[in-house]
Amino acid sequence: MLERLGRDRLRPRPSGRAVVWLVAAIALVSIGTGVAAIVTEPTLGTTGTLGELQAVAEFSGTVVGFALLVTAWGMRRGYRLAYVAAAVLVFLSAAHGVVQSRLLSVPLVVVSVGGLVVLVFTSERFTRSSSLTLDATQLGALIAIVGVFCYGTAGAYALRAEFTGVETVVDAVYFTLVTASTVGYGDVHPTNDGARLFAISLVILGPATVAVAVGSLFGPAIDRRLSRTGSRVADRPTDRAARVVVLGYDETTARFVRALAANATILVVTPDDDVASRFERNRTGDDDVAVLVGDPTDESTLEQADLETATAVLVATGDDAQNSYTVLAAREATDARLVVVTEDGRTDALERAGADVAIDPDALLVDAVAGATLEGENVAAEW
């Protein structure tokens with residue numbers, strides 16, 4: 001395993017953080033270009049279908065930019081789904097730059113094409129799963145939102161003769177969103193009782209459906225977070241009852257595990273079957289240590305490790321990039337004390353990612369030796 005880690009360090013690895021910032025930059029350029037396109041005339045003016053596409057691209061390009069900001073946030077956490085969505089949206093941003101047919105959209109096309117190339121060659125940086133599980137109530141809420149939207153759009157378009165300002169499907173979508181959200185700009189008016197009753201039904205169904213959907217989708221997550229925080233304050237174990245989950249295992253981690261096992265129950269999580277087998281063979285009868293084979297960044301593995309009941313979590317995967325993803329995944333799963341062992345000195349970045357303490361053993365050793373050498377026995381004793 002150590003040989004494999006050594007080979008990985010020798011192989012050039014693109015920076016995941018740089019890719020995230022690149023996607024965010026493309027998002028900002030897309031938003032700026034979309035806003036500028038609204039107030040400028042196209043260099044190549046067209047009519048008919050192409051002209052309509054240009055008009056739509058002026059607004060949808062801004063929407064794509066904001067969507068890219070969301071995917072950048074997901075990529076920062078290492079989600080594979082966010083990476084795939086970002087690749088699709090970057091391609092769309094390039095297409096928007098071409099369709100807008102303006103000189104000011106040239107930078108958007110250039111950075112989008114370049115970003116797409118970078119994304120293709122950095123796919124291995126974003127491998128964290130993002131499984132979304134919905135119960136029957138949550139699925140029903142999503143279906144209700146889609147149903148109300150379809151009901152409003154289809155109804156408004158079917159009754160377009162009874163509304164002033166509704167002539168196309170886009171007009172119907174606009175009327176549905178404005179009415180269901182209770183914004184009500186007042187530029188579309190029903191002209192008879194049937195259209196008024198339809199508008200009333202949309203005003204009632206829209207806010208009610210959104211309120212129920214928000215409660216069913218986000219309520220369980222909020223309840224879990226509050227319950228987890230409350231139980232951790234009330235039932236924090238002490239002494240031998242302490243439970244520590246160690247995410248990652250190598251020769252360096254082994255020393256930490258032996259020291260922790262004297263005062264706590266230990267669960268080691270490692271993705272390497274050979275390491276797990278060797279660990280089991282070398283265990284002593286007095287060790288209160290268990291091992292779980294799985295990816296420390298995978299949500300299902302962390303659920304099996306039961307991080308919610310852990311007193312503390314130690315992250316020491318032996319890989320700096322993996323450490324970052326593991327910290328993000330562990331922090332989402334638990335409020336326990338989170339300690340990271342890093343080898344590249346990026347302690348500040350890991351603490352910003354959610355670690356309570358990030359330690360570079362080599363840096364501590366260097367400081368201790370330098371202090372002992374330069375300042376004598378008193379400083380050495382402090383270390």
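## The largest cavity

In this predicted model, helix 9, which spans residues 251–261, contributes the most to the lining of the largest cavity, with three residues. The volume of the largest cavity is about 60 Å³. When the whole structure is searched, one cavity of 30 Å³ or more is found.

The lining of the largest cavity is formed by Asp 250, Thr 252, Thr 253, Phe 256, Ala 316, Gly 318, Asp 319, Asn 323, Val 341, Thr 342 and Glu 343. By class, this lining comprises three nonpolar, five polar and three charged residues.

## Helix 4 against helix 5

Helix 4 covers residues 80–100, and helix 5 covers residues 106–120. The two pack at an angle of about 155 degrees, and their axes lie 8 Å apart. An angle over 145 degrees counts as roughly antiparallel, and helix 4 and helix 5 are therefore roughly antiparallel to each other. Their crossing is left-handed.

On the side of helix 4, the contact is made by Tyr 83, Ala 86, Ala 87, Val 90, Phe 91, Ser 93, Ala 94, Gly 97 and Val 98. Helix 5 supplies Leu 108, Val 109, Ser 112, Val 113, Gly 115, Leu 116, Leu 119 and Val 120. The residues of this contact divide into 13 nonpolar, four polar and no charged.

## Helix 2 against helix 5

Helix 2, made up of residues 16–38, also packs with helix 5, at an angle of about 155 degrees and with the axes 10 Å apart. Helix 2 and helix 5 are therefore roughly antiparallel to each other. Helix 2 passes helix 5 in a crossing that is left-handed.

From helix 2, Val 19, Leu 22, Val 23, Ile 26, Val 29, Ser 30 and Thr 33 take part in the contact. Their counterparts in helix 5 are Leu 108, Val 111, Ser 112, Gly 115, Val 118 and Leu 119. Nine nonpolar and four polar residues make up the contact of helix 2 with helix 5, and no charged residues are present in it.

## Helix 2 against helix 4

The axes of helix 2 and helix 4 come within 11 Å and cross at roughly 30 degrees. Angles under 35 degrees count as roughly parallel, so helix 2 is roughly parallel to helix 4. The crossing of these two helices is left-handed.

In this contact, helix 2 brings Val 23, Ile 26, Ser 30, Thr 33, Gly 34 and Ala 37. These residues meet Ala 86, Val 90, Ser 93 and Gln 100 in helix 4. The contact of helix 2 with helix 4 has five nonpolar, five polar and no charged residues.

Note on methods. Residues are numbered from 1 along each chain as its sequence is written. This is a predicted model: local features need pLDDT of at least 70, side-chain atom pairs count only at pLDDT 80 or more; totals for chains, interfaces and linings use all residues. Side-chain values use heavy atoms; hydrogens and water are left out. Axes are lines fitted to C-alpha atoms, for helices over the stretch in contact, and angles run from 0 to 180 degrees between N-to-C directions. Helices (H or I, at least four residues) and strands (E, at least two) are DSSP runs, numbered from the N terminus. Angles under 35 degrees count as roughly parallel, over 145 as roughly antiparallel, 65 to 115 as roughly perpendicular and the rest as oblique. A crossing is left-handed if the near helix is turned anticlockwise from the far one by less than a right angle, and right-handed if clockwise. Contact means heavy atoms within 4.5 Å. Ala, Val, Leu, Ile, Met, Phe, Trp, Tyr, Cys and Pro count as nonpolar, Asp, Glu, Lys and Arg as charged, and the others, Gly among them, as polar. On a 1 Å grid over the protein atoms alone, a cavity is a set of points where a 1.4 Å probe fits but cannot get out, and a pocket is an open set with protein on both sides within 12 Å along at least five of seven lines; lining residues have an atom within 4 Å of a point. Grid points are joined across faces, edges and corners, and a volume is the space filled by probe spheres set on the points.
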